Amino acid sequence: MPAAVKSPPPAGSRPPRHVPTPLMVMVTVAAAGLGFAVGRWWPPRTPEVPRGNVPATSSSTPSHEQRPLLLPRPTAPPAPTQTDATAPAQNSPSTTENRAEISPALDVFFRRAVAAPEEGVGPTYAGAAAHLTEEEVRIALGAVERWPAGPRRSGAENLLARRWGQLDPAAALAWAASVSEPIRRHELRRQVMLGWASVDPSAAFAHVSAGADGTAPPHRLREVFEGAMQAETHTALRFAAQLDPSRFGGEAGSIIWTVFGRDPAATVAFVEALPDGDLRQLAVDRVIDHWARYDPLGARAWMERLGASGQTLSARIELGESWARVDPAGAVGWFLDLPAEQQDGRILDRILHRWLQYDPDACITWLREQPPSPLLDRVRAERAVSLARRDIAEGLAWVPLITDPRRRAAAEEQIVWDWYRRDRAAAVEYAQRSGTLPDAARQRLIERARRDAEREAATRQ
């Protein structure tokens, strides 16, 4: 039925409101729902991630509650300038293609972003970033920079910077260098270097080492070594083999130790193929250290098969110490079964230190049951001093078990001095009547007590 015709409004009056029909309401709701769904996942249409376009936090930035963590709706890109049109393809994403849908890799990345906890990002989020292309990294950065400042945004930027470093480190470093905030500039550059070193550690190392004076800041080299640990097995091991053991032996060993943890067979083959020398010995020690933490018998068998490079003091120390982490009694038994010429006290020291760390009661019981032995002097002296801090009598009871007279005297004197700081009178009384404390140590203690008493008397006056 047609609506009634109304008279036109008087001149100068407001035009009448149009009452929405049910059909209009349905169309409006549907359009809003579609816009929300599109705006949730589509990336922003930016012609380029501007270098340094990580703005400082503004007080006007809405809070996380006020501004949900969603991608903005796509917007039409501005017309490209001459610079945009002539820029190298690797420095800007395509702006001419009218994307109909977000790429699967970006979709996964941003789904992880929305699901990530507010305080940071997890391993699955990092895995999602690892599949992005360089163009997708730039698109994602353009979206992330619109998020509220906070841990989630910083974490996403870090992951994207690291991925960009794997793909185009020169461009990524230039972008990171232009960030205005010093702390973010420093961290983003670090992430780029970590990414670069995870795929080409040799090139990253050469870049860092190419300073004007031929030196590199230690923290820059640490970034390369840390990234190299995450590189593919053969890439990481080849890089470790290129390092000078006299300068970077510890770093090369850490890389080999880490790679062994995820690829033991390849690492063992790599070490066995190394020529004799410092690097081979270093690699043997690191593999034994790692291997013996979960399979000491396997590590021992491999060490024995190696021949000369396995029959060294450093290899035995690593085997004994790591063995003691999982089976200290077994490690002690192995040491005691060694030929007398191989029973170096430093091996047993390391075994007992780990035993004391992880199971002190059992280790102390075993030590008390052993007869005096030069092999146990070091650990008994250290134990005497340590125990005396809580129980003087117990600490002093360990002193006679030390066979070396000089070590025994030094341990007793240290116990008495520690006692003096807590109870001067009792320590002086012990020193005066002790038949084992050396005369020189006794006189030093008594003279110190006299001076302290005089100074205190003068202060009271």
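## Aromatic rings

Phe205, Phe225, Phe239 and Phe248 come together as one aromatic cluster. This is a predicted model: local features need pLDDT of at least 70, side-chain atom pairs count only at pLDDT 80 or more, and totals for chains, interfaces and linings use all residues. Residues are numbered from 1 along each chain as its sequence is written, and side-chain values use heavy atoms, with hydrogens and water left out.

The whole structure holds 14 aromatic pairs. Rings of Phe, Tyr and Trp (its six-membered ring) pair if their centres lie within 6.5 Å; planes under 30 degrees apart are stacked, over 60 edge-to-face, and the rest tilted.

How far apart are the ring centres of Phe260 and Trp291? They are 5.9 Å apart, and the planes sit at 40°, so this pair is tilted. Phe260 belongs to helix H12 (residues 245–262) and Trp291 to helix H14 (residues 278–291), so the pair ties together parts 31 residues apart in sequence. Helices (H or I, at least four residues) are DSSP runs, numbered from the N terminus.

Trp291 also pairs with Trp302. That pair is tilted too, with 5.7 Å from centre to centre and 40° between the planes. Trp302 lies in helix H15 (residues 296–305), 11 residues from Trp291.

Are these residues buried or exposed? Phe260 is buried, at 1% relative accessible area. Trp291 is buried at 15%, and Trp302 is buried at 0%. Buried means under 20% relative accessible area, exposed over 50%, and partly exposed in between (1.4 Å probe, protein chains only).

## The nonpolar core

The largest nonpolar core has 113 residues. Such a core is a set of buried Ala, Val, Leu, Ile, Met, Phe, Trp, Tyr and Cys residues joined through side-chain atoms within 4.5 Å. Phe110, Ile255, Trp302 and Leu352 touch the most other members. Helix H14 gives the most to this core, with seven residues.

## Helices H18 and H19

Helix H18 (residues 345–358) packs against helix H19 (residues 360–369) at about 130°, with the axes 5 Å apart. Axes are lines fitted to C-alpha atoms over the stretch in contact, and angles run from 0 to 180 degrees between N-to-C directions. H18 is therefore oblique to H19. Angles under 35 degrees count as roughly parallel, over 145 as roughly antiparallel, 65 to 115 as roughly perpendicular, and the rest as oblique.

Which residues of H18 meet H19? They are Leu352, Trp355, Leu356, Gln357 and Tyr358 (contact means heavy atoms within 4.5 Å).

Notes:
Helices (H or I, at least four residues) and strands (E, at least two) are DSSP runs, numbered from the N terminus.
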